[in-house]
Structure formats: structure tokens, C-alpha cells
Amino acid sequence: MTHAVDDFRRALVTGGAGFIGHHLVRALLDAGLEVAVLDDLSMGKRENVPSAARFVQGDVRDPQAVDAALSGVDCVFHEAAIVSIRASVQEFARDADVNLMGTLNVLQRMAKAGVRKAVFASSMAVYADSPTPTPLLETASTKPVSPYGIAKLAAESYWLTICRAAGIEGTVLRYFNTYGPGQTPTPYVGVITIFINKLLAGEVPTIFGDGEQRRDFIHVNDIVAANIAVLRDVTPGGIFNVGTGNATSVNAIARSLIEILAPGIQPRYAPEQEGEMRNAIAGIDAMRRALGWKPSRPTVNFDDVVAYWKAQTPTARS
């Protein structure tokens with residue numbers, strides 16, 4: 001059984017000026033919903049927010065800002081987070097303050113606001129490290145190796161418990177490595193974007209560890225489609241992986257991008273980083289069965305990735 005999208009009228013996207021958030025905002029607007037965005041612009045960009053959306057600049061830890069953003073809302077997509085596994089090792093208190101305490105504030109305010117559906121953006125980082133690139137089911141061991149994963153795992157439990165108590169249809173989506181247009185390059189997030197940025201600047205990309213660690217790279221449009229699929233679903237509660245089920249090594253990413261952008265360059269290798277998983281591949285059968293969702297891009301097309309990165313980055317168009 002499914003909802004029609006028009007069962008919902010107004011959505012809130014926290015972090016809606018950020019990478020995944022602004023793509024989701026546009027999809028919800030296209031589906032006919034009114035959309036509010038809550039973002040403190042610490043990572044997001046104001047110009048990412050469509051003029052048709054109601055924008056509230058504020059922090060998810062601020063009760064007044066959350067209340068203002070929740071006004072009239074009947075569904076919530078909680079995307080706001082500090083997304084940095086490596087940085088969370090050094091700044092674990094700040095990471096937990098935003099990713100856990102910020103989520104609890106959203107939950108507390110949401111439970112009083114008449115919200116009927118709520119989706120929490122979690123992460124593959126909640127899983128225990130995997131010695132082999134075998135797809136992880138949602139029932140796999142959850143023993144995070146990073147503070148980021150610890151905060152996300154705790155937030156998941158709160159999300160499902162409080163939503164259930166408040167009569168809200170609560171869902172958790174565990175995102176794997178997301179890439180796509182509009183991803184902000186930082187030293188910590190988005191290895192594909194980082195490598196492209198380095199190569200186009202004439203710099204040598206750095207691979208941490210031996211490069212044979214494997215990841216599941218999923219396009220942002222497929223992440224958005226998974227959220228829309230949850231909006232249509234009426235099953236309360238649930239945790240779902242959102243990935244492709246396919247493994248790609250960091251070495252393979254470097255080779256593909258170097259071949260396109262800077263043939264002949266050799267990547268630099270550095271010691272592996274604390275808190276990083278060796279392998280993280282999504283088992284996605286549960287998402288297929290429950291929601292009828294599957295990724296439209298099961299593998300990365302690196303030519304397309306480079307093309308849209310150049311198109312959105314004026315200094316890289318040469």
C-alpha cells in the first residue's frame with residue numbers, strides 16, 4: 001500500500017541548502033509540495049535554495065529556528081549534519097552536538113508539530129568494518145569505527161523510538177558514498193570530487209592506505225529517488241540501505257579519473273586514516289522489496305562525472 005505524494009502538502013528539508021538537500025528540495029517542489037528549508041549555511045549555499053521554497057536560516061540545535069521551519073509542515077526530511085568521518089575523530093564533541101543533539105532537538109519539536117512522516121538521513125558509517133567487500137544487510141553488525149558513525153547510530157534509535165511514540169511514520173535511510181552535481185569539495189568529503197578538483201588544479205591526488213578499500217558510490221539523484229519512494233510508502237518504521245550493491249576501489253577511481261584528466265600522473269599514497277572503513281558496500285534487497293526502489297546508475301560513469309563537474313565550475317572549463 002502506498003501514499004499518493006499529494007497526501008502530503010508541506011515538507012521540511014533540514015540541510016536543504018546543502019549537497020543532497022538542495023536536490024531533494026527541487027524534487028519535492030516538482031512533485032507539487034510546498035517546501036521549507038532549514039539551514040545554517042555553514043556548508044550549504046543560499047543560492048542552492050529555489051525561490052519557491054521558504055527559507056529559514058538557523059541551526060538544528062536552535063528550538064526557535066526549528067519551530068519556525070516546522071510551521072504547517074506534515075513531512076520532514078532530516079538531512080542536516082556534519083558529514084566528516086575523519087574530522088569527527090578530532091572533533092567528536094562537535095560532531096555529536098550537531099549530529100545527535102541537533103537530531104534530538106528536531107525530534108522534540110517535530111513530535112509537537114503535527115508531522116505525519118519523517119525520514120532520517122543516516123550513513124553506512126553505522127556498520128562495523130568489513131574485511132571483505134561483501135554487501136552489508138541492514139541486520140549486519142553495527143559497531144561503528146568512527147565518532148560520526150556512533151552519533152548516527154544513536155540518532156537512528158532515537159528517531160525510530162520517538163517517531164513511534166508520537167504516531168509519526170519514521171524511516172531511516174543509510175546512505176552510502178554519494179556523488180553528483182553540487183557536491184562541495186572539502187578535505188574530508190567526496191573522494192571523486194576531491195580527486196577531480198586536485199587533477200584539474202594540476203595537483204597529485206592522495207590515496208590514504210593501499211587504495212584497495214572498496215566503496216559503494218551512489219548518484220545523488222538515486223538518493224533523492226529513495227526519499228521520494230519513502231514518501232509514497234505507508235509502512236511505519238524501518239531502516240534501509242541506499243546504495244548500488246557494487247564495489248569500486250579507491251585505486252580504480254584514481255585510475256579512471258587520471259586517464260580522463262591527467263594521463264601519466266601517479267597518485268601519492270599516505271597512511272590510512274583513523275575511523276575509515278576498509279569496505280562498505282550496500283545490500284539493497286530490502287529497499288527493492290519494500291519500496292520498489294533500485295538505483296538508476298548502478299556504476300559510476302566517470303566521463304559524465306567530469307563533464308558536469310566542469311560545467312558547474314567555471315574555472316575548470318578549459
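Reply: A nonpolar core is a set of buried Ala, Val, Leu, Ile, Met, Phe, Trp, Tyr and Cys residues joined through side-chain atoms within 4.5 Å. Please keep in mind that this is a predicted model.

Me: OK, how many residues has the largest nonpolar core, and which have the most contacts inside it?

Reply: The largest nonpolar core has 46 residues, and those with the most contacts inside it are L28, L33, F77, L173, V242, M287 and W293. Helix α7, residues 220-232, supplies the largest share of this core, with eight residues. There is also a second, separate core of 26 residues, which includes A80, M110, F120 and L160.

Me: Going back to α7, how do the axes of α1 and α7 cross?

Reply: The axes of α1 (residues 19-30) and α7 come within 9 Å and cross at roughly 50°, and the two helices are therefore oblique to each other. The crossing is right-handed.

Me: And which residues make that contact?

Reply: From α1 the contact is made by F19, I20, H23, L24, A27 and L28, and from α7 by V220, N221, I223, V224, N227, I228 and L231. By class, this contact has ten nonpolar residues, three polar ones and no charged ones.

Me: What does T178 touch?

Reply: Leaving aside residues up to four places away in sequence, T178 touches F19, I20, Q183, I218, H219, V220 and I223. Among them, F19 and I20 belong to the α1 side of the helix contact, and V220 and I223 to the α7 side.

Technical notes: Residues are numbered from 1 along each chain as its sequence is written. This is a predicted model: local features need pLDDT of at least 70, side-chain atom pairs count only at pLDDT 80 or more; totals for chains, interfaces and linings use all residues. Side-chain values use heavy atoms; hydrogens and water are left out. Buried means under 20% relative accessible area, exposed over 50%, partly exposed in between (1.4 Å probe, protein chains only). Helices (H or I, at least four residues) and strands (E, at least two) are DSSP runs, numbered from the N terminus. Axes are lines fitted to C-alpha atoms, for helices over the stretch in contact, and angles run from 0 to 180 degrees between N-to-C directions. Angles under 35 degrees count as roughly parallel, over 145 as roughly antiparallel, 65 to 115 as roughly perpendicular and the rest as oblique. A crossing is left-handed if the near helix is turned anticlockwise from the far one by less than a right angle, and right-handed if clockwise. Contact means heavy atoms within 4.5 Å. Ala, Val, Leu, Ile, Met, Phe, Trp, Tyr, Cys and Pro count as nonpolar, Asp, Glu, Lys and Arg as charged, and the others, Gly among them, as polar.
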